[in-house]
Protein chains: 4
Amino acid sequence: MASFYGQNIKISIFGQSHSDAIGVVVDGLSAGFKIDFDQLRAFMLRRAPGRNEYSTKRREEDALEFLSGLDNGVACGAPLCAVIRNSDTRSADYDKLRNIPRPGHADYTAHIKYGGHNDIRGGGHFSGRLTAPLCVAGGICLQMLARQGIEIAAHIQSIADIEDVAFDPVIISAKDLRAAKTAEFPVISAESGMKMRQAIENARRDGDSLGGVIECAAIGLPAGLGEPMFDGVENRVAQIVFGIPAVKGIEFGNGFISARLRGSENNDAFYVEDGAVKTRTNNHGGVLGGITSGMPVIFRAAIKPTPSIALEQESVNLPEMADAKLTISGRHDPCIVPRAVPCIEAAAAIAIADMMIREL
Amino acid sequence: MASFYGQNIKISIFGQSHSDAIGVVVDGLSAGFKIDFDQLRAFMLRRAPGRNEYSTKRREEDALEFLSGLDNGVACGAPLCAVIRNSDTRSADYDKLRNIPRPGHADYTAHIKYGGHNDIRGGGHFSGRLTAPLCVAGGICLQMLARQGIEIAAHIQSIADIEDVAFDPVIISAKDLRAAKTAEFPVISAESGMKMRQAIENARRDGDSLGGVIECAAIGLPAGLGEPMFDGVENRVAQIVFGIPAVKGIEFGNGFISARLRGSENNDAFYVEDGAVKTRTNNHGGVLGGITSGMPVIFRAAIKPTPSIALEQESVNLPEMADAKLTISGRHDPCIVPRAVPCIEAAAAIAIADMMIREL
Amino acid sequence: MASFYGQNIKISIFGQSHSDAIGVVVDGLSAGFKIDFDQLRAFMLRRAPGRNEYSTKRREEDALEFLSGLDNGVACGAPLCAVIRNSDTRSADYDKLRNIPRPGHADYTAHIKYGGHNDIRGGGHFSGRLTAPLCVAGGICLQMLARQGIEIAAHIQSIADIEDVAFDPVIISAKDLRAAKTAEFPVISAESGMKMRQAIENARRDGDSLGGVIECAAIGLPAGLGEPMFDGVENRVAQIVFGIPAVKGIEFGNGFISARLRGSENNDAFYVEDGAVKTRTNNHGGVLGGITSGMPVIFRAAIKPTPSIALEQESVNLPEMADAKLTISGRHDPCIVPRAVPCIEAAAAIAIADMMIREL
Amino acid sequence: MASFYGQNIKISIFGQSHSDAIGVVVDGLSAGFKIDFDQLRAFMLRRAPGRNEYSTKRREEDALEFLSGLDNGVACGAPLCAVIRNSDTRSADYDKLRNIPRPGHADYTAHIKYGGHNDIRGGGHFSGRLTAPLCVAGGICLQMLARQGIEIAAHIQSIADIEDVAFDPVIISAKDLRAAKTAEFPVISAESGMKMRQAIENARRDGDSLGGVIECAAIGLPAGLGEPMFDGVENRVAQIVFGIPAVKGIEFGNGFISARLRGSENNDAFYVEDGAVKTRTNNHGGVLGGITSGMPVIFRAAIKPTPSIALEQESVNLPEMADAKLTISGRHDPCIVPRAVPCIEAAAAIAIADMMIREL
């Protein structure tokens, strides 16, 4: 494994779905930084399971315990370690999976990589649950960035073929971003949200699942962040975002659409406004040559449908090396996209804070 | 800058479009490995400029000079350095760009990041020309991988709205991959290729440019490669691929399409064939949980249209901080997608060789 | 901070002397590896405080809790996290130190670096207590190495001017190494040990402290380990060993003595024995050009005298920026050298396991 | 190999003693920085071979060629690549060494590591010649640091048993440092220098060689540099210094001497002078807890005697796996210590600049 990320703000994520605890070490936080724990808890709640009809029935306190890194609640320069106990685990659900890997999951690839020693319970280290410590680290970074005037928010851009309205890449405001963050269901258009929920509920009734796209924006970034060729903004954000289970694609600005445009359509004209250089459009998604332009950074991540479905599936029995049928019981989100929204924000915040640290 | 990449095979790319030379250091090649220089030269030719109607008129020998790392043509364990002299440079073309940044290029962001000291000539370190040393490193890695039975090839999936047929993600063969590599125009369907060339020529006549999508496949990879969460196959490939100028998106397997599917449609059923576990479909693109499954690894990268176009564009005069018009003269590809194909292969090869090194 | 180390086996150490807990994340352990917990506990006991007359009176259970990384006690490929609760802490002892830094400690430099926000209690993250998680990680690596036939052990080479006999760098055996590890007081010559203990007791009575030199040997290493120029054995071992508080020097083989010799005296003659190339002497300490030769790896680390002494010292009052006197109360080792012995072994084991992982 | 170093200023060294060229890539130099080429040339001359009686007779222009990274002689933000051609190479001298490794050299360990494919000519990548590109990178860093008021200089502390006077660790001045740098023979006491030269000449006549100790000081560093536990000043400086061939030990401040002292002798009392906190002595060598204190940073490196000696030595014939006699012909420094002095300065400068970059 290599659950380490970062150069200036270094994180190290540990835990399995059913180990005693999961957690994260965060090294490099600015000494003197005071974490707003209420805000962090509220942020964590956005990805917490069991809150509503479209998420897994597993409920956990997800009570954060800070083992180190703070002195009287203030970052003291030492690495911070936060852990979350795993309480409500039903390991028995997963016993048969040791032999029959679930399609779409990492059961098989982990089995090969770790010689059959991988912790199969709940998906082990590959579980979506490991995004909780990512959100702890990211939630803290979001706060650090906010105090520098940098806001990051994401919303569901689409679920199946239902589209939300997109962020306006040019005039998006901190208010818009906060609205996305405080929505009970993280969309801009309430109507789209209603349709998405219905589609999720339909999939659930069918024993099936749905995927979607998440759009994320960061505003207030100074121009000049990013270290090309291989540590530019896109490189670094992509590296961490692909660490979130189920992400299968990422695009910045116009992304795959830009491949269909002409240069005259895709180029963003520069102009001067209020003594600052801006672009009239933001097809570049705030990044040119790997470096921030000062315009909002916009990216989208594709989330595949939850591989755990109730329908019977074809798989193999590994000890017998024979074809087998598999029906997965247990509790599963029919669509993880809503809960993945804060995870995407967290990942972006860590990547950006890591690049920003000289300024922070 | 951070033009360094890799953990086991480390590369360091240097040079500007109009510096004396560009090049790459490659550290970690297997000692005893004999580079096939003819094959490498042939590979380099695929990205070389000036070969045909759709690429820039700049012609260079792109003669590779190996300064170190070889003993009688065999890798000796010491870092290899290869350089390419910059001969045919017309720096005068770029003089006005120091003041007026080209839309869609890194001129403005580099100006801010480097306090106006960036080398503006030909785009400096941001030039597509810097993919030549990437291709040197990647071309060598491709050879190393080939001797392990691993083949990597890419083709143009689309230019504007013209689609090539896709690789078959399940039964793609080494023969298919080699066909893609030896095609004069890197497509599978000659008919699509004809249409693409025509579209490029049309764009050129209009003083405009086109983008496209490149699809890349790697076959023969063992199951079990990749170090999740943050050094998995997708994380590492994405990090390097975004180092290629103009890449704005990347997706693995079904990618953004998977976001529109149900789990029952997107999951790939496992089965046993000839004593090996395979999947009947390959929507996962050969990677589950960041780890290779043994199925072909498939990804696509979105390339934006060349920002350099002949049409007049809006920009700003930086010293005057005032709006300005810009018409770019000089030589430019109306579409870099064909030449980017080997660059994508090279990037994938470096990332995979870096992960494979324990086996190599 | 940057309490991260390693490329293949990555460790991340967290905690302060008086935080809720201290601990370590270890990523990259071989899946399937079964930790011998009794052996690990025995190893940890060698550095535990409060065991005898020459160490601090602070007693702690140092009960290890494994939060993750194991499935039924076997390494499962996921990052392992081990924590140790801090129970017996008397923070009141340290209150005045916030204003008056202790000479020889990191109080002042941490105060400057972290803007006064550093956790001063017990030395915070700079405390020798942070070597406990290092020993957890190192203790596990020692076991992994031992199963490959690699043994590492250290002993006190000197305390003040009392010398122990040195390891024989050529014919040192696993038995010799185990003897050093199981000695109650980690020396080879019991007589030297008696004198050292007496010297420590004398220093304690005087309210003063002593330093010393630790010699460490690793046998069974294959020739060919180490990646010059900057990740050779010496580079990597030195980097981690200087992470142990109070280490002020390190030397390999003849080290500083070699600077006084002629080449004809210092060069080690090669010869063939039992079909293997060996050296008749081992002045090179098992490393030539940063790469292991197959001979025992030998190094020594200099440990400065414990800076915490009972005698009144000159310091400054930071808020007042005025000279001040300081008398340190609390519990302190008059000599940490005996307890640093397993820490040195642990550090060496981590560095070597990190380099060995391809073989493990 | 892993001839890469650095996090903010990244260097990549390439070349073999007898390859076409040797060189270095330096990534992360401050854009706008103007290199003083005369000063750099003068610095390089201090390590150049063939200048006087005590160094190898190999003469080379060591003409630096800058391939990239500059625009009109000013650092432009892109990676800088500098190369030095290898002109005066007599490869025939080394033919027999392919079979019979030289004692004390890396011939044997490289043979094992690289499966016999290592470039044996002149020691290949292990040659002291590879310190030339290190000095290029370091010479530039020295200039960058000097403009921040940071001066680094080294001198020969001892050769065999002849001692130079040491730097005064408390009151050493920039003037003292410059004197050391401009001395024809890099010592403080001209008398000691005379004796050292005589000793070297005697060793040369005997067909033998000598080692020595180099002391290095850095003044003007702000307090607060260094990232403990594993990227502190000592860790990082040690990692790079052990990349210089023949270094077998390093110590900071009192180093190994501190192991013989009591805490009351070794602790440095703080006091306030001119509104700044200082220490009355500097036994800590300017580093406490891995972080600079603002006092001069002082370290010493042990250099073993040149392994190449004219006397007949015992070795082995590798293809025959039999004992063999070896007499080394060719040109060799009887003592590399004088030429290693600027290399130590260069290494220290790179490590410090890498840590300083936030400030630079």
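Across the interface of chain D and chain C, 56 residue pairs are in polar contact. The model is a predicted one. Six residues from strand S11 (residues 247-252) of chain D make up the largest share of the side of chain D that touches chain C. That side divides into 54 nonpolar, 29 polar and 19 charged residues. Salt bridges between chain D and chain C number 14. One of them links Lys113(D) to Glu227(C), with the closest N and O atoms 3.1 Å apart.

Chain D brings 102 residues to the contact, and chain C brings 102 residues. Together the two chains bury about 7900 Å² between them. Carbon and sulfur atoms carry 59% of this area. Within chain D, the most area is lost to chain C by Phe230(D), Lys248(D) and Phe270(D). These residues together account for 11% of what that side buries.

Strand pairing also crosses between the chains. S11(D) runs antiparallel to strand S11 (residues 247-252) of chain C, joined by three bridges. Here Glu251(D) has Gly249(C) opposite.

Within chain D, strand S2 (residues 10-15) is mostly covered, with six of its six residues buried. Lys10(D), Ser12(D) and Phe14(D) point one way from S2(D), while Ile11(D), Ile13(D) and Gly15(D) point the other way. Two bridges join S2(D) to strand S1 (residues 4-5) of chain D in an antiparallel arrangement. Phe4(D) lies opposite Ser12(D). The hairpin of S1(D) and S2(D) has four residues between the strands. In its turn, Gly6(D) has a positive phi of about 110 degrees.

S2(D) also pairs with strand S3 (residues 21-27) of chain D, antiparallel and over six bridges. Gly15(D) has Ile22(D) as its bridge partner there.

Key
Residues are numbered from 1 along each chain as its sequence is written. Chains are lettered from A and ligands numbered from 1 in the order in which they are written. This is a predicted model: local features need pLDDT of at least 70, side-chain atom pairs count only at pLDDT 80 or more; totals for chains, interfaces and linings use all residues. Side-chain values use heavy atoms; hydrogens and water are left out. Buried means under 20% relative accessible area, exposed over 50%, partly exposed in between (1.4 Å probe, protein chains only). Two strands pair if DSSP finds at least two bridges between them. Contact means heavy atoms within 4.5 Å. Buried area is the accessible area (1.4 Å probe) that two parts lose on being put together, summed over both. A salt bridge is a side-chain nitrogen of Lys or Arg within 4 Å of a carboxyl oxygen of Asp or Glu. A polar contact is a pair of N or O atoms within 3.5 Å; within protein, one must be able to donate a hydrogen and the other to accept it, and residues adjacent in sequence count only if both atoms are side-chain atoms. Ala, Val, Leu, Ile, Met, Phe, Trp, Tyr, Cys and Pro count as nonpolar, Asp, Glu, Lys and Arg as charged, and the others, Gly among them, as polar.
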